[in-house]
Amino acid sequence: MFKRIILMAIVTMATISVNAQEIQFGVKGGLNLSTESKYKNINGYNAESPGFRTGLHIGGVVNWAINERFELETDLLYSMQGFKDRVEVEAEQRLHDKNYSVTSHYLTLPIAAKVNLVKGVYVECGPQFGYLLSKKDKLEDHEIDDSFDSDNTKKFDFSIFGGLGYRFENGAFVDARYIHGLTGTSKVFDGGKNRNIQISLGYLF
């Protein structure tokens, strides 16, 4: 399914390229502040209010200028996401609060429709397709057998996003996006949808 979507995206981008006034390539990278919606995970810990964890993203950009007001941008990014939480663990007949964290590594393909509001300032929105490369968890002072595998973890992630940015005359730009996952990350329980705030610096050549 993911391969079909990628193929459709490539065909769409090729069609747009024919009609674009200008095509620019670039790079971008920056900070992720990510979490997941609440769920009971496969190791038995209740993630009732997962907190944000910091990660990073980096990759390439292709920007099509349709006209002076409208543009289309697609990125191919490595994105490190996940969440942090505090969980209760029973040891020696007592409950102890421990730090628990999950780290997810994604390859993402966001496609942004962009509207230039005033000189340099733009808003953007669109879909994002993600493919999970790996996912691991860690519990403070405990060894955990990694249980995030293809049998219980969804590889494909679909999200929508919106954002705001500013592009300088020299080609540099800064933008911020909120990315809202619509598909759960697990095959065996409900919930656990990705949430990500992405702050980027980039440059169009």
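# Strands, a cavity and a pocket

Strand 6, strand 7, strand 8, strand 9 and strand 10 (193-204) each contribute at least two residues to the lining of the largest cavity. Strands are DSSP runs of E with at least two residues, helices are runs of H or I with at least four, and both are numbered from the N terminus. The model is predicted: local features need pLDDT of at least 70 and side-chain atom pairs pLDDT 80 or more, while totals for chains, interfaces and linings use all residues. Residues are numbered from 1 along each chain as its sequence is written, and side-chain values use heavy atoms, without hydrogens and water.

**Overall make-up**
- The protein chain contains 1 helix and 10 strands.
- Read from the N terminus, its elements run α-β-β-β-β-β-β-β-β-β-β.
- Of the 205 residues in the protein chain, 47% are buried (buried is under 20% relative accessible area, exposed over 50%, partly exposed in between, with a 1.4 Å probe and protein chains only).

**The cavity**
- There is 1 cavity of 30 Å³ or more in the structure, and the largest cavity holds about 70 Å³ of space.
- On a 1 Å grid over the protein atoms alone, a 1.4 Å probe fits in a cavity but cannot get out; a pocket is an open set of points with protein on both sides within 12 Å along at least five of seven lines; lining residues have an atom within 4 Å of a point.
- With 3 residues, strand 10 gives the most to the lining of the largest cavity.
- Residues lining the largest cavity include Tyr106, Gln128, Asp157, Ser159, Ile179 and Arg195.
- That lining has 2 nonpolar, 8 polar and 2 charged residues (charged means Asp, Glu, Lys and Arg; nonpolar means Ala, Val, Leu, Ile, Met, Phe, Trp, Tyr, Cys and Pro; the others, Gly among them, are polar).

**The pocket**
- The largest pocket has about 380 Å³ of space, a volume being the space filled by probe spheres set on grid points joined across faces, edges and corners.
- Its lining has 17 residues, and Glu68, Glu71, Asn116, Gly120 and Arg167 lie nearest the centre of the largest pocket.
- Strand 1 (22-36), strand 6 (94-118) and strand 8 (156-167) each supply at least two residues of this lining.
- By class, the lining of the largest pocket divides into 5 nonpolar, 6 polar and 6 charged residues.

**Strand 8 and its neighbours**
- In a regular strand, side chains alternate between the two faces of the sheet.
- The covered face of strand 8 has Asp157, Ser159, Phe161, Gly163, Gly165 and Arg167, and the uncovered face has Phe156, Phe158, Ile160, Gly162, Leu164 and Tyr166.
- Strand 8 pairs with strand 7 (residues 121-139) in the antiparallel sense over 11 bridges (a pair needs at least two DSSP bridges), and Gly165 of strand 8 is the bridge partner of Tyr122.
- Strand 8 also pairs with strand 9 (residues 172-184) in the antiparallel sense, over 9 bridges; His180 in strand 9 is the bridge partner of Ile160.
- The hairpin of strand 8 and strand 9 has 4 residues between the strands, and Gly171 takes a positive phi near 100 degrees there.

**Ring contacts**
- The charged end of Lys114 sits over the ring of Tyr122, 4.1 Å from the ring centre (NZ of Lys or CZ of Arg must be within 6 Å of that centre and within 35 degrees of the ring normal).
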